[in-house]
Amino acid sequence: MKVSLILAAGGSSSRFRESLPPRTPSNKLFMPLGGKPLFLHSLPVFHQHPEIAETLIAVPQNLRSQVKRLLTQARFENVKVVNGGASRAESVMRALRKSNPRNEWVMVHDAARPFVSSGSLQKLLQAAPASDGVILAKKVVPTLKQVDASGKISATVDRSQIFEAETPQLVRRKVLEKAYRENPQALQATDEASLLESVKATVRVVAHESWNPKVTHFQDFELAEAFLNSGAVSRTGLGKDTHRLVAGRKLMLGGLHVPFEKGCLGHSDGDALLHAIADALLGAAAMGDIGEWFSDRDPRFKNIASSKMLEQIAGAVKKQGWHVEHVDSVVILEKPKLGPLKKKMQEKIAALLKIKSDQVSIKAKTAEGLGPEGEGLSVTCEAIATLRKKS
Ligand code: MG
């Protein structure tokens with residue numbers, strides 16, 4: 001089964017904007033949820049399923065370049081960005097026209113539903129072939145009242161047959177195209193199932209129990225953030241490293257070559273700052289220390305670039321489920337002045353840790369002429385790292 005996935009993100013976020021506290025980003029697509037824009041959350045779940053042959057996202061034209069940039073940054077270069085329309089159904093129609101007609105199924109998902117689960121997706125994919133379409137839905141729990149214009153209750157609705165339609169919705173391409181052609185009100189449809197119903201196609205619900213909310217108001221966003229962080233633990237680790245400064249060695253600090261007459265003595269390239277940061281990461285994750293990972297007796301590590309060591313350690317820490325939230329550091333060095341290099345160092349370290357440069361801090365100090373650092377005999381670096389993991 002080959003599926004064209006369409007993420008519907010064409011809305012103007014008007015309900016969301018009305019509910020915003022002052023000074024928050026105005027389009028909900030870009031609101032950071034767990035540090036990642038809302039619309040990027042569901043993509044990795046879809047991409048776990050080989051049936052998804054291509055992905056398109058329909059967005060308002062004025063947001064197109066920003067969406068493209070964020071997709072590239074998050075390594076979703078294959079997602080096609082198309083201009084949305086005046087309504088959800090029009091956005092989906094435009095994406096449908098740009099999709100590959102050989103994929104006989106089309107799956108539509110609201111980009112504002114970040115928590116779709118892989119299990120629900122699997123259920124939909126399995127159930128689809130028996131119908132023209134299937135949608136993810138939830139049995140309605142509250143008691144429902146039908147009221148007249150004056151607010152007087154005319155009936156209590158039998159909820160046993162009522163389901164709330166969610167997304168994803170997975171439909172046969174031919175039937176969806178037919179509905180767009182034959183239903184004069186197609187562009188007002190609020191979901192794909194209603195389009196299929198309008199041409200008498202068979203659509204079934206796939207009921208599920210997980211939480212798959214559509215972030216509509218700011219309050220939904222706050223709930224989503226709380227849900228994402230529930231049970232998360234955060235840990236802090238400390239690292240410290242000293243290297244002797246000697247003539248005839250390159251001075252490496254923070255992954256950069258610092259022009260100076262001396263450099264750090266060491267088995268590796270002697271980058272004391274990256275060593276301190278690596279130890280801080282290992283400390284927070286309780287995964288030993290840098291000497292256990294890269295022994296200074298192992299000839300394989302002779303003159304190894306410390307940036308390689310840090311990358312490898314950061315990768316191992318991530319494999320255990322940890323995310324690096326923040327790294328702070330101090331470099332104690334009498335000479336040379338590091339001020340002009342600090343920003344570049346910050347960017348280099350952030351790139352090694354695959355985080356943003358505003359999650360890395362470097363502070364440079366002298367030792368006021370006191371002790372081995374003050375006398376220019378050594379450099380000492382201290383670092384502290386905060387890691388976070390969902391338990
Ligand atoms: Mg060291």
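Mentor: Let us start with one term: contact means heavy atoms within 4.5 Å. Please also keep in mind that this is a predicted model.

Trainee: Against which elements do the buried residues of α4 pack?

Mentor: Helix α4 covers residues 88-98, and its buried residues are Ala89, Glu90, Ser91, Val92, Met93, Ala95 and Leu96. These buried residues pack against both strands and helices: β1 (3-8), β4 (52-59), β5 (80-83), β6 (105-110), α6 (173-182) and α7 (192-198).

Trainee: Which residue in β10 stands opposite Trp105?

Mentor: Strand β10 spans residues 163-172 and is joined to β6 by 4 bridges, the two strands running antiparallel. In β10, the residue opposite Trp105 is Arg172.

Trainee: How many bridges join β7 to β10?

Mentor: Strand β7 comprises residues 133-139 and runs antiparallel to β10. Within this pairing, Val134 stands opposite Leu170. The number of bridges that join β7 to β10 is 6.

Trainee: Is Asp241 buried or exposed?

Mentor: The cut-off for a buried residue is under 20% relative accessible area. His275, at 7%, is buried. Asp241 has a relative accessibility of 17%, and therefore counts as buried.

Trainee: Which element supplies the largest share of the largest nonpolar core?

Mentor: This core has 48 residues, and those with the most contacts inside it are Leu253 and Leu353. Elements that each supply at least two of its residues include α11 (306-319), β16 (323-332) and α12 (342-353). The largest share, 10 residues, comes from α9.

Trainee: With which residues is Leu353 in contact, leaving aside its neighbours within four places in sequence?

Mentor: In general, nonpolar side chains tend to be buried together in soluble globular proteins. Leu353 is in contact with Ile277, Leu281, Leu310, Ala314, Lys318, Val324 and Val327.

Trainee: How many residues does the second, separate core have?

Mentor: Among its members are Leu40, Leu43, Val45 and Leu125. The size of this second core is 33 residues.

How values were computed
Residues are numbered from 1 along each chain as its sequence is written. This is a predicted model: local features need pLDDT of at least 70, side-chain atom pairs count only at pLDDT 80 or more; totals for chains, interfaces and linings use all residues. Side-chain values use heavy atoms; hydrogens and water are left out. Buried means under 20% relative accessible area, exposed over 50%, partly exposed in between (1.4 Å probe, protein chains only). A nonpolar core is a set of buried Ala, Val, Leu, Ile, Met, Phe, Trp, Tyr and Cys residues joined through side-chain atoms within 4.5 Å. Two strands pair if DSSP finds at least two bridges between them.
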